[in-house]
Amino acid sequence: PVALWLAHALTERGHCVSILTKGYRGKNTGVTVVGTAGQPTATPDEVGDEAVMLARLFAGVVIAGRDRTAATTLAREQFGVEVALLDDGFQHRRLDRDVDVVLFNGRKELSNHWLLPAGPFREPLSSSRRANIVLITKSETHGDLPRQWRTSTPQQPVYYGTLQPIALVSSEQRQWRELPLTELGGKRVMALTGIADPAPFYQSLQEWGAELAEVMEFPDHHQYAQADWQAISAAGQKVDLIVTTEKDLVKLERFPFATRKLVALRVRMAIEHEDQLLADIERRLMKIE
């Protein structure tokens, strides 16, 4: 969501932007143009669910490829891209960057600084010194940052952001259409997710008046099969709506559901002091001290 928010914001400020993603869980091994002008030209099987979701939601160029350098070259030479956004690229050291924005999950990561598999981090906390900007997400209150984290990253500016629901989305003949969140009010809902941390998703549904009558959880990036669809359809007969995420919708829309029975919750990042954050990024892009 942060990459998507930043792509939109920089585009609105006149930059020619491309989102570069690894294409996680996709079978394509080379560089693939996932979509342009908000129209995906690749499938989740080929490039992964997140890449297709981004191509749905961003009117610029989305490219998937494990070789980020080759993807950047393609974006520049074929599409005239000026700003390449690497989604989840902090460890991709081969490609020289002008700006590194590192995200921390404020609900859990700052209280547990252990490396995988004991904790959430791929690198020691001290590696965040490479970052230019730190963004704390999913934090209800700012408070004082933990001493160990703050001493590891003493220089970077710190910003805060949260995900906010903005609409429901239905897929009708592969065309996505927004519906108001008020459609959730008083409805018996089945929450259907294949994401890593569904708790905020459930909370958002309840805050908009939905009754969580059923919950079906699948692993993150789950590839839905015919048997999954049959189980979802059977359970869905007991509820008014089946509500999923947009990342899951790109994989579920190929299955037949009753019109508007399956909808996705659309969320957007809301960043405090976003103009200051964008100015900070632009200054680094233009190498203005």
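**Figure 1. Helix H1 and the residue that follows it.** Gly-14 comes after H1 and has a positive phi, near 95 degrees. This is a predicted model, in which local features need pLDDT of at least 70, side-chain atom pairs count only at pLDDT 80 or more, and totals for chains, interfaces and linings use all residues. Residues are numbered from 1 along each chain as its sequence is written, and side-chain values use heavy atoms, with hydrogens and water left out. Helices (H or I, at least four residues) and strands (E, at least two) are DSSP runs, numbered from the N terminus.

**Figure 2. The largest nonpolar core and another one apart from it.** A nonpolar core here is a set of buried Ala, Val, Leu, Ile, Met, Phe, Trp, Tyr and Cys residues joined through side-chain atoms within 4.5 Å. The largest has 50 residues, and Val-34, Leu-192 and Ile-232 touch the most other members. Helix H1 (residues 2-12) gives the most to this core, with 7 residues. Another core, of 14 residues, lies apart from it and includes Val-189, Tyr-202, Val-263 and Leu-265.

**Figure 3. Around Ile-232.** Leaving out residues up to four places away in sequence, Ile-232 touches Met-190, Leu-192, Met-216, Phe-218, Tyr-224, Ile-242, Leu-252 and Phe-257. Contact means heavy atoms within 4.5 Å.

**Figure 4. Helix H3 and Arg-56.** H3 is mostly covered, with 8 of its 9 residues buried: Asp-49, Ala-51, Val-52, Met-53, Leu-54, Ala-55, Arg-56 and Leu-57. Arg-56 belongs to this helix, which spans residues 49-57, and has a relative accessible area of 18%. The Arg-56 side chain reaches the backbone oxygen of Arg-174 at 2.7 Å. Not counting residues up to four places away in sequence, Arg-56 touches Gly-38, Pro-40, Arg-174, Trp-176 and Glu-253.

Figure 5. Strands S8 (residues 158-172) and S9 (residues 175-179) run antiparallel and are joined by 5 bridges; two strands pair if DSSP finds at least two bridges between them. Glu-172 has Gln-175, in S9, as its bridge partner. The hairpin leaves 2 residues between the strands, and Gln-173 in the turn has a positive phi of about 55 degrees.

How values were computed: Buried < 20%, exposed > 50% of the residue type's maximum accessible area, 1.4 Å probe, protein only. Polar contact = N/O pair within 3.5 Å; in protein donor to acceptor, adjacent residues only side chain to side chain.
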